[in-house]
Every structure is written in structure tokens, then in C-alpha cells.
Amino acid sequence: MALGQVGLRWLPLDRLAIFRSSDPRLAVTLGSVRLPNPLILSSMYDDLTILRRAMGLGFGAVTTKSITLGPRPGHPEPNLVRIETSAGPGLINCNGFKNPGLDAYRAALPGLPHRVPLIVSVAGESVEEYVTLVRTLGPFGELVEVNISSPNTALVYQWSQKPDEVRALFKALRAATTKPLIVKLSPDFSDANETAIIPAALDHGIGIVNYGNTRRVPEPRLSQGAGGLSGPELFPDALENVRRIRRRFGERVEIIATGGIDEPEKALSALEAGAKACGYFTGFITRGPLLARRILDRLSRELDRRGLGRLDDLRARQGGV
Ligand SMILES: Cc1cc2nc3c(=O)[nH]c(=O)nc-3n(C[C@H](O)[C@H](O)[C@H](O)COP(=O)(O)O)c2cc1C
């Protein structure tokens, strides 16, 4: 993993056309922002060189790591382990938001060219913290993602269990930026998501959900004894969540499907189930940077096969919206 990051940083892979697709039919609109295709690099990297390179590796948008008010060292190592599951290779992390903090990131972000849209992710422990983060960093992203779901920081993970406070949070955030807001949900709280969190978001004009984050699991090899599981074991639930949210909330909510997408067929299934876009991180590590191109080519072939002019038509035909 560390080697992977060094490679990503120093090898100018983003100059090679092989990683990208130029099929204009794959463009989608997310919260009024046009993405050249529906693939999103999910939140993990704060390094701006890596984010710049990732923008040339086939993604339709890339997401920053969740930035916090102050700099954080993260949890001590070991904070990331690989696992082999029957579904394929995954990760368990207890990263704990190692990041440079708001002031340093605000100073650095203007230096990042936006070859594709940037999603700025933030995480806080109070309404005031989120508002400060969104006000300050919102101007530097085309979209802003509100992480209320990382399992490795108790006060962030607990938002899903505090519906009244989440309402107040969404109200304050909607007033803090004009940018489209995304709420990143936890797969550990599917009931609360449907009965409280998504309705609160919609009531306050927040219409995009990213479903979702890692799932909390025990892991004795990690310094915290537990961490967030990512990778293909998450995919069956991620797909089911998209289907249920689509059925329950219809057109009112735009869904980014995230969790275990590491093969072209999975991305296709998530879009057919009604997702507007697909996010992944673990697949980028375990399957390599060509995964995006493989998915995009698969989507183009599907449009050819069905004689469809745009990806949105694929969703519509499948009963999504
Ligand atoms: C090492 C690591 C760090 C992560 N950091 C963040 C983060 O800062 N903010 C966030 O919202 N999600 C974070 N995630 C979660 C991913 O963005 C993603 O939601 C999750 O891993 C599920 O998708 P995947 O199975 O494709 O990896 C992190 C995941 C990993 C593995």
C-alpha cells in the first residue's frame, strides 16, 4: 500500500491515454455538476499530487480524504491490514483521519487543477466544526461530501445515532454553502439512514447520498483492535441499499454506490439498480489503476448492445430514475 502510494505519486501515469475513456455517452450529472463518467475515486487521499494524478486515471470525479478542523496524526500503526475474503481481497483500516487540517489544506487546495470535478470531504465532531469546514473548503470543490460515518472516530461515527442533531447539522450546512452537498452514510445504520438521516437531508435540500463508508469490524492486528472493512464483502449490501433507497425515495435522492466495487459487472449492476455514480477505493488498490478503464469500456459496450445514447437511459430502462 505504501509502495503503491509512492508509485502513484511519482509515476506520471495520468499522462497515458490508456487509463481513460473518451465516450461522451458516459457523462452524468450529479447535483447539477457534470461528470465525464460516473466513476468516483472514493475518499482516502489528501496528497494533492496523488489527487491530480487520479484525475487523469479514468475517474469522472475524485474525492479528498476527510479533512478535519485541526491536523491529525491518525491512529498509530498498524492502522491498515489486507484481508482475503471469499469474495476477494479487502482492507481493514483504522486510519483515524490522518490529515493536515483545515488551514494547511485551505492553503494548498488552490494549487490543484481540476481536470475532473473535485469532491471535498469533511469530517467534524460538532455542528460548528462542520460549518467552518464546509464554508472554508466548499469554494475549492465542485461538490462537498459530509462524512458522518467513518467508524474509527467515535464522535463522527455516532452522528447516525443522533437524528435530532443530524437535522440541525444539515440545516446549518445547507446555509453554509451553495455547492451540492453529499451525505456519506454508514452501512452499519441502514434503519436510521432510511427513517431519519435521508429524510432529514431531503428536508434541508441535500439530495445526494453516498452509500457508503466502511463497515466496523473487530480486527486484533490493528492498533485499535477494530477498524473499517472495505472491499468486495461490502458489495451485496451496497447493492441492496441502492435498490431499497431507490424504491423508498424515488427520484428525490441521487445515489453514489460505494462499497466493494472492484469489477466492471458490479459497477454496471449498481447503475442498473438506480445509482447515479459509483465510488470505489479498495478496488483501485487491489485491482490497479486500469480498473476504471475496464469499467468504462464495459459500460460503453452495454450502451452499444442496447442501442442506448446515454448512461441515464440505462438507469431508466432498469426501473431506476
Ligand atoms: C485506508 C482508508 C481510508 C479511508 N479514509 C476515508 C475518509 O477519510 N473519509 C471517508 O469518507 N471515507 C474514507 N474511507 C472509506 C472509503 O472512501 C470507502 O467509502 C470505503 O472504503 C468503501 O469502498 P471500497 O470498498 O471501494 O473501498 C477510507 C477507506 C480506507 C480503506
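What covers the buried residues of α8? The legends below take up this helix, a loop residue and the ligand. The model is predicted: local features need pLDDT of at least 70, side-chain atom pairs count only at pLDDT 80 or more, and totals for chains, interfaces and linings use all residues. Residues are numbered from 1 along each chain as its sequence is written, and side-chain values use heavy atoms, with hydrogens and water left out.

**View 1. Helix α8 spans residues 235-249.** The helix has 15 residues. Helices (H or I, at least four residues) and strands (E, at least two) are DSSP runs, numbered from the N terminus. From first C-alpha to last, α8 reaches 21 Å, close to the 21 Å expected at 1.5 Å a residue. That expected span is 1.5 Å times one less than the number of residues. Gly250 follows α8, and its phi is positive, near 55°.

**View 2. α8 has a buried side and an exposed face.** Phe235, Ala238, Leu239, Asn241, Val242, Ile245, Arg246 and Phe249 are buried (under 20% relative accessible area; exposed is over 50%, partly exposed in between; 1.4 Å probe, protein chains only). These residues cover an arc of only 155° around the axis, so they lie on the same side of α8. The arc is taken from the directions from the helix axis to the C-beta atoms. An α-helix has 3.6 residues a turn, so residues three or four places apart point the same way. Pro236 and Arg247 are exposed on the face turned away from the buried side. Cover for the buried residues includes α7 (190-203), β10 (208-211), β13 (254-258) and α9 (264-272).

**View 3. Asn213 sits in the loop between β10 and β11 (215-218).** Asn213 is buried, with a relative accessible area of 10%. Beyond neighbours within four places in sequence, its contacts (heavy atoms within 4.5 Å) include Ser149, Pro151, Lys184 and Leu234. Its side chain makes a polar contact with the side chain of Asn147 (3.4 Å). A polar contact is a pair of N or O atoms within 3.5 Å; within protein, one must be able to donate a hydrogen and the other to accept it, and residues adjacent in sequence count only if both atoms are side-chain atoms.

**View 4. The ligand is surrounded by 20 residues.** Ser42, Ser43, Ser66, Lys184 and Thr282 are the closest. A residue is near if one of its heavy atoms lies within 4 Å. A ligand nitrogen is 2.7 Å from an N or O atom in the side chain of Ser66. A ligand oxygen is 2.8 Å from an N or O atom in the side chain of Lys184.
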